[in-house]
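Please brief me on the fold of this protein. Keep to what can be read from the model, and group the points by topic.

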Amino acid sequence: MLIDLHCHTKVMSPCSALTPDALVRAAIARGLDGVCITEHDALWPAAEIARVADEMQFLVLRGMEVTTEVGHVLVFGMDYHDPAMAVLSELQRIVRGEGALMFLAHPSRRYGTLPPDDLSFVFDSVEVQNGTEGMLQNDNAAGLARGLRLPGIGGSDAHSVREVGICATEFSGSVTDEASFVAALRAGEYRARRV
Ligand SMILES: [Zn+2]
Ligand SMILES: [Zn+2]
């Protein structure tokens with residue numbers, strides 16, 4: 001199953017032009033099997049995600065892209081956002097406490113503070129295919145993913161229709177809901193793809 005793990009909608013990411021309906025229609029046109037909405041520092045309520053999925057008859061999942069001092073972090077398996085997550089050490093504490101997963105997004109981008117040299121102390125893995133990054137940046141990210149606990153993930157980082165599904169993550173098993181999504185991520189049963 002091919003799922004775009006990194007999408008923004010205008011519902012909670014003001015920088016995005018995408019409505020949830022437009023996101024899903026673009027994903028279907030691209031041949032994807034699902035999308036994961038990862039807003040900036042905000043998490044969709046489960047009931048709202050379920051409503052969109054039901055209306056569009058399509059797999060719609062949720063995560064979030066948390067802004068920290070070392071960069072953006074894609075988090076999956078959380079059911080709330082906490083402003084304290086803006087500090088990487090706090091994000092790590094909360095994510096570990098909840099049994100969720102965290103991936104450094106577009107790791108080649110530089111922010112105010114550099115991430116730790118050994119990413120494995122903090123992250124489960126990194127995003128190795130990001131639709132807004134160049135090949136060199138994604139190749140560099142793939143290098144960073146080696147030695148981490150999990151394979152690198154892929155997502156478009158879409159903020160507009162034409163960006164949806166440029167990159168995605170291919171799961172070898174069936175993903176039908178948030179529980180099976182997080183379980184498949186934790187098991188490493190996937191690979192990143194540029195579509
Ligand atoms: Zn980002
Ligand atoms: Zn993003």
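The points below go from the overall fold to single residues.

This is a predicted model, in which local features need pLDDT of at least 70, side-chain atom pairs count only at pLDDT 80 or more, and totals for chains, interfaces and linings use all residues. Residues are numbered from 1 along each chain as its sequence is written, while chains are lettered from A and ligands numbered from 1 in the order in which they are written. The protein has five helices and nine strands. Helices (H or I, at least four residues) and strands (E, at least two) are DSSP runs, numbered from the N terminus.

**Overall build**

- From the N terminus, the elements run β-α-β-α-β-β-α-β-β-α-β-β-α-β.
- The radius of gyration is 15 Å, close to the 16 Å that the globule rule gives for 195 residues, so the protein is as compact as a globular protein of that length. The radius is taken over C-alpha atoms, and the rule is 2.2 Å times the number of residues to the power 0.38.
- Along the principal axes, the C-alpha atoms fill a box of roughly 45 × 35 × 30 Å.
- Buried residues account for 45% of the 195 residues. A residue is buried if 20 or more other C-beta atoms lie within 10 Å of its own, exposed if 12 or fewer, and partly exposed in between, with C-beta atoms placed from the backbone.
- Of the contacts between residues at least 6 apart in sequence, 63% join residues at least 24 apart. Two residues are in contact if their C-beta atoms, placed from the backbone, lie within 7 Å.

**The sheet**

- Nine strands make an open sheet with mixed pairing, in the order β7-β6-β5-β4-β3-β2-β1-β8-β9. Two strands pair if DSSP finds at least two bridges between them.
- The edges are β7 (153-155) and β9 (190-194); each has a single partner strand, so one side of each is left without a neighbour in the sheet.
- Neighbouring strands are turned by 35° against each other on average, direction ignored. Axes are lines fitted to C-alpha atoms, for helices over the stretch in contact, and angles run from 0 to 180 degrees between N-to-C directions.
- Strands β1 (residues 2-7) and β8 (residues 167-171) run antiparallel, joined by two bridges. Here Leu2 stands opposite Glu170 of β8.
- Helix α5 (residues 178-187) packs on the sheet and touches β3 (59-68), β4 (71-76), β5 (101-104), β8 and β9. The direction of α5 makes about 60° with that of β5.

**Around β3**

- Eight of the ten residues of β3 are buried, so the strand is mostly covered.
- Seven bridges pair β2 with β3 in the parallel sense. Thr38 has Gly63 in β3 as its bridge partner.
- The chain passes from β2 through α2 to β3 in a right-handed β-α-β crossover. Right-handed means that, with the strands pointing away from the viewer, the path from the first strand over the helix to the second runs clockwise.
- On to β4, the pairing of β3 is antiparallel, with five bridges. The two strands form a hairpin with two residues between them. Thr68 is bridged to Gly71 in β4.

**Helix α3**

- Leu88, Leu91 and Val95 are the buried residues of α3 (residues 88-98). They cover an arc of only 55° around the axis, which puts them on the same side of α3. The arc is that of the directions from the helix axis to the C-beta atoms.
- The buried residues of α3 pack against β3, β4 and β5.
- Ser89, Arg96 and Gly97 are exposed on the other side of α3.

**Loop residues**

- Most residues other than glycine have a negative phi.
- Asp41 has a positive phi, near 50°. Asp41 lies in the loop between β2 (34-40) and α2 (46-56). Its 17 C-beta neighbours inside 10 Å make Asp41 partly exposed.
- Asp157 also has a positive phi, near 65°, and sits in the loop between β7 and β8. Asp157 is buried, with 24 other C-beta atoms within 10 Å.
- Gly165 is in the loop between β7 and β8 and is buried, with 25 other C-beta atoms within 10 Å.
- Leaving aside neighbours within four places in sequence, Gly165 contacts Asp4, Ala26, Ala27, Arg30, Leu32, Ser156 and Val195.
- The C-alpha atoms of Gly165 and Gly34 are separated by 9.7 Å, with the two 131 residues apart along the chain.
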